Amino acid sequence: MAPLKSWLPIPPNSDFSISNIPFGIITSRNSQIEKRPAIPIGDHVLDLKAFSVGNGFSALPSIKDHLSVFSQPTLNAFAALGQSVHKEVRSYIQDLFLESSSHPEILKENEGLKKEALLPKQETKCHLPMQIGDYTDFYAGLNHAFHVGVLFRGPDNALQPNYHHIPIGYHGRASSVVVSGTPISRPNGQILLDPTATPKVPSFGPSRRLDIELELGCFLCTTNKIGEPIKIGKEAEEAVFGFVLMNDWSARDIQAWEYVPLGPFNGKNFGTSISPWIVLPCALEPFRANKLENKTELLPYLKEKRNDTVYDISLSVELTTPDGSTSTISRVSASNLLWSFPQMIAHHSIGGCPMNVGDLLGSGTISGDGEDDLGSLLEMSNGGKKDIMLAGMDIRRFLKDGDTVTLRGVCEKDGERVGFGECTGRIESAVSLNF
């Protein structure tokens, strides 16, 4: 199938082709304080409030009673309308940007509306797209789980007995989820400098083993009542609003001292970066892929009727040092997951937990089974024992102050390109504390 052609010039390498149409929140020269829903298209951004006020949705009567959602400072109200509305709005916007648009008078030939609503991307600023009530991080990356297990327990006991039976997860901290471009302060905390010492006495200070985690994030668009689980299959699939790139920053030394017996806490709650544009499931439909094989017989509430419930998204990690040198340190497919997001949703709610619109789920670190497709520095450096070579003969084992990490993700097939943009964060020095 030939790629869709637009009347708007769109660079061929743009993540935001007419095949994509993701959603986000911006401020701009027209709304410097008021946050508004928007769509990126090529090198432009469509301000959906200005578009709505200018009768841009006049040929989509089904949305006329819901136009107020495009005047909200987050996408929660729009997400709550459900997948059928998301698809309809996306298809409508796609048609308006087609060279052969069914309604050229609405935007293509409407210079006034283009001036008010179609803005150069450089004149806009992205913000957190959703009001996040809860954030749960899963551990669905089988290769990452195995690699880390080998580091701490050896290959014979790398994976816990429950790993192939349930999507492992823990509740994270929603308040420290930030949009791409937000600086990340190196956390302070308790650190065990000599794990072999007896007795074990921690010291306090900045993390010395600051790491990344390459993940995919999933926003929800439905709510279930307390006590009523979301069923696997159509119900769980329709609970998904869309996807973002996610870097769940990790302080490995703080985490190592604190995580027994209840799991990660301060080593994980200081910052999680996400990309600003939420890519809808319907945009990723052509890029479905099979999950990693799970030979374990699953309990009925986790059984999916199809295996292609993840996506072949080409992910990459770039590390830019303070001198400006950039190295691509990993490339991996997002299909390297043992569990799908519908399975995570079904498991999360099986005990009766109420999920809400705007809830964020993390996939867990995504790694391949080679040496150049790893999703964390912990794996790349073999637990801090091996140098990671960078451009200009620089090296890292963990992150230094001033380092910038950029995640990218893109799908390409038959001339169609659907991307996520960037998820970027720069490490700042730890806050100086005196006691």
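Is Thr 272 buried or exposed, and what is its relative accessible area? Thr 272 is buried, with a relative accessible area of 1%; buried stands for under 20% relative accessible area, exposed for over 50% and partly exposed for what lies in between, with a 1.4 Å probe and protein chains only. This is a predicted model, in which local features need pLDDT of at least 70 and side-chain atom pairs count only at pLDDT 80 or more, while totals for chains, interfaces and linings use all residues. Residues are numbered from 1 along each chain as its sequence is written, and side-chain values use heavy atoms, with hydrogens and water left out.

Thr 272 lies in strand β16 (residues 272-274). Helices (H or I, at least four residues) and strands (E, at least two) are DSSP runs, numbered from the N terminus. Setting aside neighbours within four places in sequence, Thr 272 is in contact with Tyr 135, Ser 176, Val 177, Val 178, Met 246, Asn 247, Asp 248 and Trp 249, where contact means heavy atoms within 4.5 Å. Its C-alpha atom is separated by 9.4 Å from that of Glu 213, which is 59 residues away along the chain.

Next comes a sheet. Strands of a sheet pair through backbone hydrogen bonds, either parallel or antiparallel. Here an open sheet of five strands runs in the order β4-β3-β2-β1-β5, with antiparallel pairing; two strands pair if DSSP finds at least two bridges between them. At the edges are β4 (118-120) and β5 (124-127), each of which pairs on one side only. From one strand to the next the twist averages 45 degrees; axes are lines fitted to C-alpha atoms, for helices over the stretch in contact, and angles run from 0 to 180 degrees between N-to-C directions. Strand β3 (residues 44-47) pairs with β4 in the antiparallel sense over three bridges, and Val 45 stands opposite Leu 119 in β4.

Asp 43 is in the loop between β2 (31-41) and β3. With a relative accessibility of 42%, Asp 43 counts as partly exposed. Apart from neighbours within four places in sequence, Asp 43 is in contact with Pro 11, Leu 119, Pro 120 and Lys 121. Asp 43 and Thr 309 are 266 residues apart in sequence and 31 Å apart in space, C-alpha to C-alpha.

The aromatic residues are the next topic. A search of the whole structure finds 12 aromatic pairs; rings of Phe, Tyr and Trp (its six-membered ring) pair if their centres lie within 6.5 Å, and planes under 30 degrees apart count as stacked, over 60 as edge-to-face and the rest as tilted. The rings of Phe 23 and Phe 78 have centres 4.9 Å apart and planes at 35 degrees, so this pair is tilted. Phe 23 lies in the segment before β1 (24-28) and Phe 78 in helix α2 (residues 76-79), so the pair ties together parts that are 55 residues apart in sequence. Phe 23 is buried, at a relative accessible area of 0%, and Phe 78 is buried as well, at 1%.

The rings of Phe 57 and Tyr 92 have centres 5.8 Å apart and planes at 20 degrees, so that pair is stacked. Phe 57 is in the loop between α1 (48-53) and α2, and Tyr 92 is in helix α3 (residues 83-97), 35 residues apart. Phe 57 is buried, with a relative accessible area of 6%, and Tyr 92 is buried with 6%. These residues belong to one aromatic cluster, formed by Phe 23, Phe 51, Phe 57, Phe 70, Phe 78, Tyr 92 and Phe 241.

Nine of the nine residues of helix α9 (residues 341-349) are buried, so α9 is largely enclosed by the rest of the structure. The elements that cover its buried residues include β6 (135-138), β7 (169-171), β13 (214-220), α6 (234-237), β14 (240-248) and β21 (360-362).

Asn 336 is found in the loop between β20 (326-333) and α9, and is buried, with a relative accessible area of 15%. Not counting residues up to four places away in sequence, Asn 336 touches residues including Leu 142 and Asn 143. Both Leu 142 and Asn 143 are among the buried residues of α5, and the buried residues of that helix pack against α7 (252-258) and α10 (377-380). Just after α5, Gly 154 takes a positive phi of about 85 degrees.
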